[in-house]
Amino acid sequence: MRWSQTFIPTLREDPAEAEVPSHRLLLRAGYVRQVAAGVYAHLLLAQKSFFKIAQIIREEMNRIGGQEFYLPALNPAELWKESGRYEAYGPTMFKFKDRNDHDMCLGVTHEEEMTNIARGEIRSYKQLPQIWYQIQEKFRDEPRPKAGLLRLRQFWMKDSYSFDLDDAGLDVSYRKHYDAYCRIFDRCGLKYVIVEAYSGTMGGTYSHEFAALTDAGEDSVVVCECGYAANLEKAEAKAPPVEDPPGDAPPEAFPTPGQKTIDDLAKFTGEGPARLMKTLVYIVESQPVVILLRGDHSLSETKLASTLGTETFRPATPEEALALHGAHLGSLGPVGLKGARILADRALEGRKNLIAGANRDDFHLRHVTPGRDFQAEYHDLRVVVTGDLCPRCGKPLRVHIAVELGHVFKLGRRYSQAMHASVLDANGKEVPMVMGSYGIGLERILSAAVEQNHDADGMFLPRAIAPFDVILTAANMDDSRLRSAAEKLYAEMQAQGISVLYDDREERPGVKFKDADLIGVPYRVTLGKRKLEQGLAEIFQLSTKQIRDVKLSDVVECLKREYLR
Ligand SMILES: [Zn+2]
C-alpha cells in the first residue's frame, strides 16, 4: 500500500488520556480511536494486525479439531437465566428490553448459547467429542474501563467450548487447548507464563491462565524460579518464619489508647506487624464469621469464598462487630469470643505470645497463643506477597503484574446440568455432557505485544502480528532518481508478495522516519540520496536497531532470505 493514499493518523504528541504505553502508542500510531469509555474504533493498522492474530488463532484451533461458528451477541435473557448467570453477572452484563418488552442482553461469553445448541442436537456419545469455537465480539459493562485496549466494554474474543462424554475426555480436550494456546502465544511472539488460576464466575473446577508479564497489567501472578506459577487469587505460599518470644504467661490486657490500626499498634508497642494479630468480622449468609490474620497480611476474598463454599458474604458493619465483640473496631480479638465461627490463616498456626485486641475499647492483650487461648479452624486465607516461600521448592516467590491473555477452564457439568444437556452413553444411560471453555482476548494480545516491544520512539511488533512486514521509505520524493528507484523497488516487493507499506508521501525525511519508528512495522528499507549514488539501500531492523547496507538489486532477495523467512 502507498502511505500517501492510506489513512494512518499518527500524532506528534502523547495523548493526555493515555495511561499505559500500549494505549499511548496505539493512539499515536493511528491504530485506534476512542468512541466511548472502553469502546474503540479499529482503524486500518489495528484491523490488519487483528486479522493476522485471528488467523493464527484460527489455524491452531483448526489443528486441534476446532470447528468455527458464528454466534449472535444479542441474546434472550431466558438463556442466561437458565444457567443462573443473568443474575450472577449483575450490572457487568448489558441488559435491556426490545420493542416487544422482552428481556435481552449482550453476551459476555457464550457458554449458554453453545450449550443450548448442543442439547438440542447431540444425542449420543458417538457424536462426541466436539470442539466449537468463535472469533467475535463480546460485551462487558466494566465499572472502570481503562488502560486503552486492556479493559474494554466491547472486545474481540476467541472462545471455544468442548463437549465430552466423561472426565477423561475433558482431560484430552483441555490438554489440546493448553498446547494450542502455547503455540498461539509463541507464534504471536509474546513472552508469557502459565499460571494456576481461580475460575470466578465461570464456575469451573480447574483452570489455567496464560499471562504476559508487563507492568501495564491489572492482574497479579506469583512466579517462582522452579516453575511454580499461580494467579495471586489462587497462589499458596508459606510465610517465612517469625520468631516469637519464649514464655507461657497467660494473656494480659494493657492499655492502647487511640491505637486503631496495625501500623499504630506496631509503633505503639514497638513490635513488628508480624507479631500482631488482625481480627476481621464478616457476615456470611447472615451469620458472623471472625477471620484472624497476621498483622502484615491481607485477606483474599477469593480464598475466603472457596473456604466458605459461598460468595454471599460482606464485611460486618461497625455496629455488627460491636454487638459480637462488645468493643469497637480496633480492639477486636478472638480471646473469650462466643457466638461466631473463627477462621484463622495458616500463618498463625504454631505461633505464640502474640498481640491481639482485648474486646474492650482501647485495650489489647499480650501473650496470646492460638490453640491455647482460643480455638480456630485453620485455612489458607491470605494474599501471597513477594518474599513468601514457594509451596513446591521453598524459595522466595515474586509477585508480578501481568495481563491475562487467555484462560482455559474445566467447566465439568456446571452448564450441562443446569441446562439439561445430556447424551446417551454406551449403555444407553442419559448422562450430562462434560464441558470445557477456553478464551483468548485479541485486543489483549496486541496490547501486550506493544507493552513488551516498544521504546521511547515507538513500537516494533513481532512480525507475525504486525500490520506490514516492511516499510519502504524514500527519504525525499522530490528527487526524481530516488523516486523512480523507490517505485521500482516497491513494484518488485509487491511482485514477490512482500507485505509492504511504501511511504511515498511528500514529507520531510524527519517526519517519515519518526512515523516509521512509531507504527510497529518490524523492518524498514530506506532509500537516501547519498547511498543511492553508490547503488545501496539501507535495511533497518526496529527491534535490534541494526542497520545494514544492501545493494539495491539485492534488497528483495536479502529481505526474503534473511528476515522474512
Ligand atoms: Zn519454587
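Reader: How are the donor residues of the zinc ion spaced in sequence?

Author: Happy to start there, with the reminder that this is a predicted model. The protein donors are Cys-224, Cys-226, Cys-390 and Cys-393, each through its SG atom. Written as a pattern, the spacing of these donor residues is C-x1-C-x163-C-x2-C.

Reader: Which geometry does the site of the zinc ion have?

Author: The SG donors lie 2.2 to 2.3 Å from the zinc ion. Four donors count as tetrahedral if all angles lie between 85 and 135 degrees. The angles among the 4 donor atoms here run from 101 to 115 degrees, so the site is tetrahedral.

Reader: What is the relative accessible area of Cys-226?

Author: Cys-226 is another of the zinc donors. This cysteine falls in the partly exposed class, and its relative accessible area is 39%.

Reader: Let's move to the pockets. Which element gives the most to the lining of the second largest pocket?

Author: That pocket has a volume of about 410 Å³, and 20 residues line it. Two elements, α7 (262-269) and β14 (277-284), each supply at least two residues of the lining. With 6 residues, the element that gives the most is β14.

Reader: Which residues lie nearest the centre of the second largest pocket, and how do the residues of its lining divide?

Author: Nearest the centre are Lys-260, Lys-278, Thr-279, Leu-280 and Gly-330. Taken over the lining, the residues divide into 11 nonpolar, 7 polar and 2 charged.

Reader: Where is the place of Pro-129, and what is the peptide bond from Leu-128 to Pro-129?

Author: Pro-129 sits in the loop between α5 (111-121) and β7 (130-139). Omega for the bond that joins Leu-128 to Pro-129 is near 0 degrees. That peptide bond is cis.

Reader: What is the phi of Asp-101, and is Asp-101 buried or exposed?

Author: Asp-101 belongs to the loop between β5 (95-97) and β6 (103-106). Although Asp-101 is not a glycine, its phi is positive, at about 70 degrees. Exposed means over 50% relative accessible area. Asp-101 has 52%, so this residue is exposed.

Reader: And what is the phi of His-420?

Author: His-420 lies in the loop between α10 (414-418) and β22 (422-424). With a relative accessible area of 63%, this histidine is exposed. His-420 is not a glycine either, yet its phi is positive, at about 55 degrees.

Reader: Which residues is Lys-529 in contact with, leaving aside its neighbours within four places in sequence?

Author: Lys-529 is part of helix α14 (residues 529-533), and at 54% relative accessibility this lysine counts as exposed. With those sequence neighbours set aside, its contacts are Asp-479 and Leu-482.

Reader: What separates the C-alpha atoms of Lys-529 and Gly-270?

Author: Along the chain, Lys-529 and Gly-270 are 259 residues apart.

Reader: How many residues of helix α11 are buried?

Author: Helix α11 covers residues 442-452 and is mostly covered. Its buried residues include Leu-442, Glu-443, Ile-445 and Leu-446, and also Glu-451 and Gln-452.

Terms used
Residues numbered from 1 in each chain as written. Predicted model: local features only at pLDDT ≥ 70, side-chain atom pairs only at ≥ 80, totals over all residues. Heavy atoms only, no water. Donors = N, O, S within 2.8 Å, 3.2 Å for Na, K, Ca; no water. Tetrahedral: all angles 85-135°; square planar, octahedral: opposite > 155°, others 65-115°. Buried < 20%, exposed > 50% of the residue type's maximum accessible area, 1.4 Å probe, protein only. 1 Å grid on protein atoms, 1.4 Å probe; cavity = no way out; pocket = protein on both sides within 12 Å on 5 of 7 lines; lining within 4 Å. Points joined across faces, edges and corners; volume = space filled by probe spheres on them. Helix = DSSP H or I, 4+ residues; strand = E, 2+ residues; numbered from the N terminus. Nonpolar A, V, L, I, M, F, W, Y, C, P; charged D, E, K, R; others polar. Contact = heavy atoms within 4.5 Å.
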